[in-house]
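This report describes the fold of one protein chain for a reader who is new to structural description. Please keep the sequence and the model in view while reading.

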Amino acid sequence: MFSKNSRLHSPKYIQKRRRKVIIGLIFYTALLAVLVSLFILLLRSSFLEIKTIEARGLASLSPELVQSRVLSAIDGHYFKIIPKSNIIFYPEEDVQEILKNSFKEIDNVEIKRKGLSKIFVDVRERVPAAIVCSGFHEEDMENNDCYFSDSLGYIFGKVHKPYPENYNRYYISTSQSEIMAGVSFIDQGRFQDLQKFMDSSLRSGIYPLGILISDDGEYEMYVKPDTTVYFDDRSSFDTTLSNLLAFWHNAKDKATSTPIFNYINLRFGNTIYYSNNNEKK
């Protein structure tokens, strides 16, 4: 008589059990392969494909350009299997980064799904705060390259002639720096101080046409009709502006109309040098 232990260790029983395990493995492997294949087929189906791209919030960019760039960003496949245009797995962060790199006018991008085949691309464009030009003021009407700058001094979209007049204008000598979109042309704090300098001058009756920025902390502000104001950053811009306004309005009180100077030099503290057709100091 055989014991139960003997039957469990018999070659026939072991072979039968092994066959059962192998069949189970084959069955579950095949089932897994079928499920994975069905899942891949579902992901590859047009049912989950992005068919519509709607760009919103655009001011200067055309929707067609943005849509075209998004389409190129979601072209292709992950591991040559899953399409990047799949509404679930499309590369959202890559699309955002590609749009920002392609269009310097874009400050921020948000992408939202709608249903299973549409996405909204919500764009916030940079707001122009000034115009930055290469070269000097005298060359302005000939061959300057000019770009818009936002309030942080970041250069983005190119400005085409005729240049708009309702923005402060800055000039950078081409021998010092090449104007390029996608970079800040000046330190943020210094730019905001210069913006305040020009805006305050305008509110006080001085009409600035632009400022030439050198790389050694010196500036030339061109004033309408034909005056150059020289200043630097050794004194605070507030102090320099105060000296300019006091001098300008004192000169205006003595004149029958707006005073006309060849130049005003504010680079020597409270001592102001100037020149006009009648007198020099």
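## Report on the predicted model

In strand β8, the bridge partner of S149 is I155.

### The surroundings of β7

Residue S149 belongs to strand β7, which covers residues 146–149. Strand β7 and strand β8 (residues 155–159) pair in the antiparallel sense, over three bridges. Five residues lie between the two strands of this hairpin, in which G153 adopts a positive phi near 85 degrees. Strand β7 also pairs with strand β6 (residues 130–134), again in the antiparallel sense, and four bridges connect β6 and β7. Within that pairing, V132 stands opposite Y147 of β7.

How do the side chains of β7 point? C146 and F148 point one way, whereas Y147 and S149 point the other way. This arrangement follows a general rule: in a regular strand the side chains alternate between the two faces of the sheet. All four of these β7 residues are buried.

### The sheet of nine strands

Strands β8, β7 and β6 are part of an open sheet of nine strands with mixed pairing. The order of the strands is β8-β7-β6-β9-β10-β11-β12-β13-β14. Which strands stand at the edges? They are β8 and β14 (271–275). Each of these has a single partner strand, so one side of each is left without a neighbour in the sheet. On average, and with direction ignored, neighbouring strands of this sheet are turned by 25 degrees against each other.

Towards the β14 end of that order, strand β12 (residues 227–232) and strand β13 (residues 263–268) run parallel and are joined by three bridges. There, Y263 in β13 is the bridge partner of T228.

### The sheet of three strands

A further open sheet has three strands in the order β1-β5-β4, with mixed pairing. Its edge strands are β1 (52–56) and β4 (106–114), each of which pairs on one side only. The twist from one strand to the next averages 20 degrees. Strand β1 pairs with strand β5 (residues 118–125) in the parallel sense over five bridges, and I53 stands opposite I119 in β5.

Two helices accompany this sheet. Helix α3 (residues 63–73) packs on the sheet and touches β1 and β5; its direction makes about 130 degrees with that of β1. Helix α4 (residues 92–102) lies across β4 and β5 and runs at about 145 degrees to β4.

| Strand pair | Sense | Bridges |
|---|---|---|
| β7 and β8 | antiparallel | three bridges |
| β6 and β7 | antiparallel | four bridges |
| β12 and β13 | parallel | three bridges |
| β1 and β5 | parallel | five bridges |

### Two loop residues

Is K51 buried or exposed? K51, which is found in the loop between α2 (11–44) and β1, has a relative accessible area of 52%. Residues over 50% count as exposed, and therefore K51 is exposed. Leaving aside residues up to four places away in sequence, K51 touches S46 and S117. The C-alpha atoms of K51 and I87 are separated by 9.2 Å, although these residues are 36 residues apart along the chain.

N86 is found in the loop between β3 (82–83) and α4. Its relative accessibility is 0%, and therefore N86 counts as buried. With residues up to four places away in sequence again not counted, N86 touches L43, L48 and I50. The C-alpha atoms of N86 and F47 lie 9.0 Å from each other, with the two residues 39 residues apart along the chain.

### The largest pocket

The largest pocket has a volume of about 490 Å³. It is lined by 21 residues, of which P164, E165, Y167, R169 and L209 lie nearest its centre. The elements that give two or more residues to this lining are β9 (168–172), α5 (188–203) and β10 (208–213).

### The chain as a whole

The protein chain has six helices and 14 strands. Of its 281 residues, 37% count as buried. Among contacts with a separation of 6 or more, 51% are between residues 24 or more positions apart.

Note on methods
Residues are numbered from 1 along each chain as its sequence is written. This is a predicted model: local features need pLDDT of at least 70, side-chain atom pairs count only at pLDDT 80 or more; totals for chains, interfaces and linings use all residues. Side-chain values use heavy atoms; hydrogens and water are left out. On a 1 Å grid over the protein atoms alone, a cavity is a set of points where a 1.4 Å probe fits but cannot get out, and a pocket is an open set with protein on both sides within 12 Å along at least five of seven lines; lining residues have an atom within 4 Å of a point. Grid points are joined across faces, edges and corners, and a volume is the space filled by probe spheres set on the points. Two strands pair if DSSP finds at least two bridges between them. Axes are lines fitted to C-alpha atoms, for helices over the stretch in contact, and angles run from 0 to 180 degrees between N-to-C directions. Contact means heavy atoms within 4.5 Å. Buried means under 20% relative accessible area, exposed over 50%, partly exposed in between (1.4 Å probe, protein chains only).
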